[in-house]
Amino acid sequence: MANVIVIGAQWGDEGKGKITDLLSRSADVIVRSQGGVNAGHTLVVQGQTFKLHLIPSGILYKDKECIIGSGTVVDPKVLLEEIAQLSRLNVSTENLTISQTAHVTMPYHRIIDQASEERRGKHKIGTTGRGIGPTYADKSERTGIRIIDLMNEDSLRQKLEWTVNYKNVILEKLYNLEPLDPATVIEEYIGYAEQLKPYVIDSSLRIYEAIQKRKNILFEGAQGTLLDLDHGTYPYVTSSSPIAGGACVGSGIGPTMIDRVIGVAKAYTTRVGEGPFPTEISGEMGEYLSERGCEFGTTTGRRRRCGWFDAVIGRYAVRINGLDCLAITKLDILDELDEIQVCVAYQLDGKICHHFPSNAKDFARCQPIYKTVPGWKQSTVDCRTLEDLPKKALNYLKFLAELMEVPIAIVSLGASRDQTIIVEDPIHGPKRALLDPNGDVAHNYF
Ligand code: GDP
Ligand code: IMO
Ligand code: MG
């Protein structure tokens with residue numbers, strides 16, 4: 001029994017959705033604690049694909065409670081579409097709940113996000129354009145609208161009348177855009193409020209009560225460590241805290257209630273949007289990984305930039321999140337390569353650098369130092385135990401574990417739920433995983 005946080009250990013899109021869906025079978029409650037509809041989590045189960053933005057990836061299991069927590073930002077329009085889409089696929093959202101203290105993404109947030117990106121020109125961040133930054137900015141500025149505000153029509157009317165007029169000044173004077181009609185926005189959101197009402201709860205209390213009943217809680221991260229507002233590649237980051245600490249803040253529970261943190265990382269690296277990326281591969285090999293890995297964003301459809309596995313940012317993710325173990329995804333994408341590069345350190349101003357430099361300008365100048373390892377040139381998609389893996393693939397995984405200094409608990413070899421090797425279930429298993437950085441595979445577990 002354990003309360004487990006699933007974290008993206010790179011720049012997002014590591015396969016958190018797949019791993020969360022997989023682990024949900026051992027959990028009772030699945031919580032999203034930060035981010036909004038910038039997230040895109042893909043689940044593939046029995047040939048059917050599900051794309052989720054806000055709803056936790058435990059939703060496919062009938063008997064699990066799924067909570068959209070306090071630290072998320074909720075775009076009601078997208079959420080209601082997501083609920084409707086699941087319903088069309090015969091997935092019930094009866095056990096879905098939404099925190100009353102989550103903030104709401106409004107039309108002016110989306111417009112300002114897109115307009116400010118355009119204004120930044122070549123200095124743009126490459127946001128998803130979903131209004132995430134402006135929603136969190138209003139939260140910090142204390143002018144945000146929360147889910148609870150949607151539940152009282154009179155006060156919502158008053159609040160929105162004031163806020164829309166206030167935002168119109170920004171739209172008109174700063175961005176030269178058409179103002180929004182407050183009455184139209186108010187009617188639209190009163191409509192959403194009516195539909196969302198049955199889902200709204202005090203989520204911190206609900207999670208606490210579940211923990212007291214010794215239920216297993218799974219916290220599903222969105223985005224990734226390097227996109228963290230405080231600890232990522234600022235300013236090329238998102239506006240929330242995707243790191244493990246953020247799960248506690250965003251769910252309203254204390255850190256002593258967390259038993260384990262699992263980091264999800266691809267067997268290589270990808271990044272969407274702008275910002276430094278030392279191991280990025282240009283040319284044919286970059287194209288190859290992008291095509292073979294189907295590296296196009298779930299939310300915006302943008303092509304993801306591809307690069308080799310970067311153990312420096314990996315070790316940083318271990319430190320910042322206190323990772324206990326790893327889930328390595330998309331190993332199958334490397335199946336046909338003759339050789340694979342792994343970044344083991346950086347070179348900066350003639351010196352070897354083993355740690356992620358927190359100065360953004362230094363990070364942008366880092367040159368990767370690679371170690372070349374042989375490819376296995378054999379399909380891994382049907383492997384279901386570590387012994388099924390080609391020896392060179394197993395060596396690759398052991399090398400990553402060694403560099404990251406944490407054991408590997410899960411290996412993913414395809415998009416499907418079943419295309420997975422579970423070395424150890426982080427919820428039910430012993431604290432230590434079996435693909436030990438310095439040891440051999442422990443055969444007695446199979
Ligand atoms: P998330 O945002 O971290 O949940 O990741 P995304 O869903 O945005 O992106 C991961 C993509 O890779 C999705 O299309 C998944 O279906 C797919 N995927 C996940 N794990 C694997 C894997 O091991 N192999 C392959 N080929 N695809 C995978
Ligand atoms: P999941 O949960 C990958 C990136 C955007 C941009 C930056 C800021 O699917 O892993 P934002 O719209 O958040 O203000 O954009 O963050 N980004 C993601 N990249 N996966 C995501 O989510 C992302 N969410 C935001 O591309 O660079
Ligand atoms: Mg994604």
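The model is predicted, so local features require pLDDT of at least 70 and side-chain atom pairs pLDDT 80 or more, while totals for chains, interfaces and linings use all residues. Residues are numbered from 1 along each chain as its sequence is written, chains are lettered from A and ligands numbered from 1 in the order in which they are written, and side-chain values use heavy atoms, with hydrogens and water left out.

We may begin with ligand 2. The space that ligand 2 takes is the largest pocket. Here a pocket is an open set of points, on a 1 Å grid over the protein atoms alone, where a 1.4 Å probe fits and protein lies on both sides within 12 Å along at least five of seven lines; a molecule sits in a pocket if more than half of its atoms lie within 2 Å of the grid points. Around ligand 2 there are 20 residues (a heavy atom within 4 Å), of which D13, K16, H41, T128 and T238 come nearest. The shell comprises seven nonpolar, ten polar and three charged residues, where Ala, Val, Leu, Ile, Met, Phe, Trp, Tyr, Cys and Pro count as nonpolar, Asp, Glu, Lys and Arg as charged, and the others, Gly among them, as polar.

The side chain of K16 places an N or O atom 2.7 Å from a ligand 2 oxygen. From the backbone, an N or O atom of D13 lies 2.8 Å from an oxygen of ligand 2, and one of Q223 lies 2.8 Å from an oxygen of this ligand. On its own, ligand 2 exposes 550 Å², and the protein buries 98% of that (Shrake-Rupley method, 1.4 Å probe).

Ligand 1 sits in the second largest pocket. Two elements give two or more residues to its shell, α1 (16-24) and β3 (41-45), and α1 gives the most, with three; helices (H or I, at least four residues) and strands (E, at least two) are DSSP runs numbered from the N terminus. Of the 19 residues around ligand 1, the nearest are K16, G17, G40, D332 and S412. By class, this shell holds three nonpolar, nine polar and seven charged residues.

A side-chain N or O atom of S412 is 2.5 Å from an oxygen of ligand 1, and one of R304 is 3.2 Å from an oxygen of ligand 1. T42 contributes a backbone N or O atom, 2.9 Å from a ligand 1 oxygen.

Turning to the protein itself, the whole structure contains 22 salt bridges (a side-chain nitrogen of Lys or Arg within 4 Å of a carboxyl oxygen of Asp or Glu). One of them joins E117 and R120, at 3.1 Å from N to O. These two residues are three apart in helix α3 (residues 107-120), and therefore separated by about one helical turn.

The loop between β10 (217-220) and α9 (244-251) holds P235, and Q223 is found in that loop too. Y234 and P235 are joined by a cis peptide bond, with omega about 5 degrees. Q223 has a positive phi, near 55 degrees. Most residues other than glycine have a negative phi, and most peptide bonds are trans.

Technical notes
Polar contact = N/O pair within 3.5 Å; in protein donor to acceptor, adjacent residues only side chain to side chain. 1 Å grid on protein atoms, 1.4 Å probe; cavity = no way out; pocket = protein on both sides within 12 Å on 5 of 7 lines; lining within 4 Å.
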